[in-house]
Amino acid sequence: MGAITHKDQRSKFDAFFPGRADEFLRMLGAWSIPFALLDADDAVLFWNLGAVKFYGLGEEEALGKKFAELVAEEATIPEAPLGGVRTRRYEALHQSADGIELPVMVTRTDLPASDGREGAFVLITDLTESKSLERRLARRVAQLSIIREIGECLQSAMSPERILHTILVGATASMGLRFNRAFLLLVDERHGVLRGRDAIGPADTEEAQRIWSRLSTGGKTLRDLVDDYEPLIDGEEPRVLEIARLLSAKLDDETSFVVAALNATATTRVVDGHVVSGDAPSPYRIIGILGIDAFVAVPLTTDGKPVGLLLADNAITRRAITDEDVDILELLGLQAGQALARAHLTEELARQVASLEAATRELRRNQERVVRSERLSAIGEMAARVAHEIRNPLVAIGGFARSLLLRPEEQDSATREALEIIVNEVRRLETIVKEVLEFSRPAPPKIGSVPLRRLAQEALDLLAWELDHVGVVGRVEEAPGTPEAAADSDQIFHAVINLLRNAVHAMPHGGELLVRLRGVPYGVEMAIVDTGVGMSEDVLARAQEAFYTTKPNGSGLGLTIASLIARDHNGEVRIESREGEGTTVTLRLPAATEGETDAQDPDH
Amino acid sequence: MPKILIIEDEKNLRILYQQDFERDGFEVVTAATAAEGLAMVQDEAPDLVVMDIRLPGMDGLEAMSRLLDKNPKIPVVLNSAYSSYKDSFMSWSADAYVVKSADTGELRARVRELIASRADS
């Protein structure tokens, strides 16, 4: 088939150029595509116009010269057979008209000459254009893989700070987008500001040397660089951060270049001090801050809403920013927008989780409070029943023991001692019963305005004997402007008596009992400070439990009753204690309002 | 010798109070229920009644108001394990309210006071 076709074509060819080889060669000679005919020794037999132009060598310079020497051929890609056996193709570098080495593809077809020796037809294709395309393609592929790498880094970035760093490192790293400097401005809606948040890059050539020498300590991936990102340069905040902050602008400032660039739908480019794409106002101020009249500003959006501006320049190398640079920066901007949106969501989520946790804690605390008060009321009810049942037998036991003691002539001293023990123990049980019954009968407080200083002094006076007995000195201190409490005077008095008693009991060998009063927001605090034995952590933890006591004669209800009374007043009792140092019990009550004070004061 | 009626459902307390008041020089009669007590007020004409509030069958406060209907001048001392009745307005008509205690000192003191003031009038 091939032979027939060949013969067929040959006959057609002959029909076009019967015996007109010269004419054929002249026609080929006028072609702009360079070609040559070589003899068996590779010497040039024919050199067309295209070759003259391409190599800058006239026909007379070329004829008879060895082809490879003539073009200073340097093979780059070895020859490969093409089609039939006679044609080969290889890539090489040839010295061109202006002395530059150009990539070419040589197509060489061996031809049998009439003398039986072989010659060759050599066609040269200029690969400069396709080589540059190839290079651009390779670069684009590399950039896309960088963008992918940056994307992966952004995906795994957990904090907004890390996202900012990744974007900036990506824009400036040598294996990244190779901008000299990059600045990130983020929208701060709450303050109505587009704020310069972060920046990366050297402030001047000198700093560039330091940074780039540090960054170029080879073999590092982008992720390594982000990991290594150190916001401080030699322990100082880099000047670019200061520049970033200077770039900030009010969001409602219509004259601001950065705000216009932020709200633009596409990238704003400034070349030679003029806005060449986009219609932002004069970048005059920004040029002043950046110190360069060429830069790119890519708006970052999430869900179509502008959230930030990524600004990049080549302030150090002054390399012109190409369309490619802009394309790739836009890709980075796209990813940055998404990453920031994700970070925003993550932050929002974290905030919600935190508030949920807080709510759960609050709920648990309330639950504990409810359980505790339910337990207390259940205990209270139970205790009241038990107390009543116990009271009558106690009266009988104690009463008869006392009766017997009234007839001393009937007992010996051992019996008397036993009877006294019975009487004392019954007295103690009766105290418990009494407190239980008080505790199990909560009455709603009758709120009035209570001057706590007077109340505390009265309580100390009432306990004067108990204080003197163990050598405790009591004293009341009042901070200036302490308000009166909104409280039921009787109930609070009862609570304070309980707390003071506890304090005295904690100081069996004497000490100082200080009652300190002061106003707090919406309330008033009474701190009862003793210099007594204090409580261990275990004891402290159980101190407010009903019936818990460390005292041989205690009911374990004093503090519980005080707490319950405080709670009925929307107040609270807090205990702080250090073993061996003393205890501070703080009773907080709502402050009386002016109205309540006036009502009690007849002069007004 | 002034006569005291003790209305108390607890047998041991009846014995205790009887002993204590007799030692203090009173004649003592006792009743275990409100109904029995009301009958004894008629029959024995005591100078003073010491009564518990929670009694089987009839509430002590109810019993007291019936008792006072019949004999408004007789002093009544309420002697209860419950301090809570102290605030009940029914208790106000009693001449004294004493919370039960093994120390009968307070109860005996109030009884002595009331008997003394009655003797004066």
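These questions and answers walk through a predicted model with chains A and B.

Reader: In the sheet of chain B, what is the order of the strands?
Author: Chain B has an open sheet of five strands. The pairing is parallel. From one strand to the next, the twist averages 20°. The order is 2-1-3-4-5.

Reader: Which strands are the edge strands of chain B?
Author: An edge strand pairs on one side only. In the order 2-1-3-4-5, the two ends are the places to look. The edge strands are strand 2 (27–31) and strand 5 (96–99) of chain B.

Reader: Which residue in strand 2 of chain B stands opposite B:Lys3?
Author: Strand 1 of chain B covers residues 3–7. Strand 1 and strand 2 of chain B pair in the parallel sense over five bridges. Opposite B:Lys3 stands B:Glu27.

Reader: At about what angle does helix 2 of chain B run to strand 1 of chain B?
Author: Helix 2 of chain B spans residues 34–44. This helix lies across strand 1, strand 2 and strand 3 (48–51) of chain B. Its angle to strand 1 of chain B is about 165°.

Reader: Which strands of chain B does helix 3 of chain B touch?
Author: Helix 3 of chain B (residues 60–70) packs on the sheet. Its direction makes about 170° with that of strand 3 of chain B. The strands touched are strand 3 and strand 4 (76–80) of chain B.

Reader: Is B:Leu38 buried or exposed?
Author: B:Leu38 sits in helix 2 of chain B. It touches B:Ala63, B:Arg66 and B:Leu67, leaving aside residues up to four places away in sequence. A residue is buried if 20 or more other C-beta atoms lie within 10 Å of its own. B:Leu38 has 20 C-beta neighbours inside 10 Å, so it counts as buried.

Reader: How are helix 6 and helix 7 of chain A oriented to each other, roughly parallel or roughly antiparallel?
Author: Helix 6 covers residues 128–156 of chain A, and helix 7 covers residues 160–172 of chain A. Their axes come within 9 Å and cross at roughly 170°. Angles over 145 degrees count as roughly antiparallel. Helix 6 and helix 7 of chain A are therefore roughly antiparallel.

Reader: How many residues of the contact of helix 6 with helix 7 of chain A are nonpolar?
Author: From helix 6 of chain A come A:Ile150, A:Cys153 and A:Leu154. They meet A:Ile163, A:Thr166 and A:Gly170 in helix 7 of chain A. Two residues of this contact are polar and no residue is charged. The nonpolar count is four.

Reader: In the hairpin of strand 4 and strand 5 of chain A, which residue in the turn has a positive phi?
Author: Strand 4 (residues 87–95) and strand 5 (residues 101–112) of chain A run antiparallel, joined by nine bridges. Five residues lie between these strands of chain A. One residue in the turn has a positive phi of about 80°. That residue is A:Gly99.

Reader: Which residue in strand 20 of chain A is the bridge partner of A:Glu572?
Author: Strand 19 (residues 572–578) and strand 20 of chain A run antiparallel, with seven bridges. In strand 20 of chain A, one residue stands opposite A:Glu525, and A:Arg588 is that residue. The bridge partner of A:Glu572 is A:Arg588.

Reader: How many residues of chain B are in contact with chain A?
Author: On chain A, 16 residues take part in the contact. The side of chain B that touches chain A has five nonpolar, six polar and four charged residues. The number of chain B residues in contact is 15.

Notes. Residues numbered from 1 in each chain as written. Chains lettered and ligands numbered in written order. Predicted model: local features only at pLDDT ≥ 70, side-chain atom pairs only at ≥ 80, totals over all residues. Pairing = 2+ DSSP bridges. Helix = DSSP H or I, 4+ residues; strand = E, 2+ residues; numbered from the N terminus. Contact = placed C-beta atoms within 7 Å. Nonpolar A, V, L, I, M, F, W, Y, C, P; charged D, E, K, R; others polar. Axes fitted to C-alpha atoms, helices over the stretch in contact; angles between N-to-C directions. Parallel < 35°, antiparallel > 145°, perpendicular 65-115°, else oblique. Buried ≥ 20, exposed ≤ 12 C-beta atoms within 10 Å, placed from the backbone.
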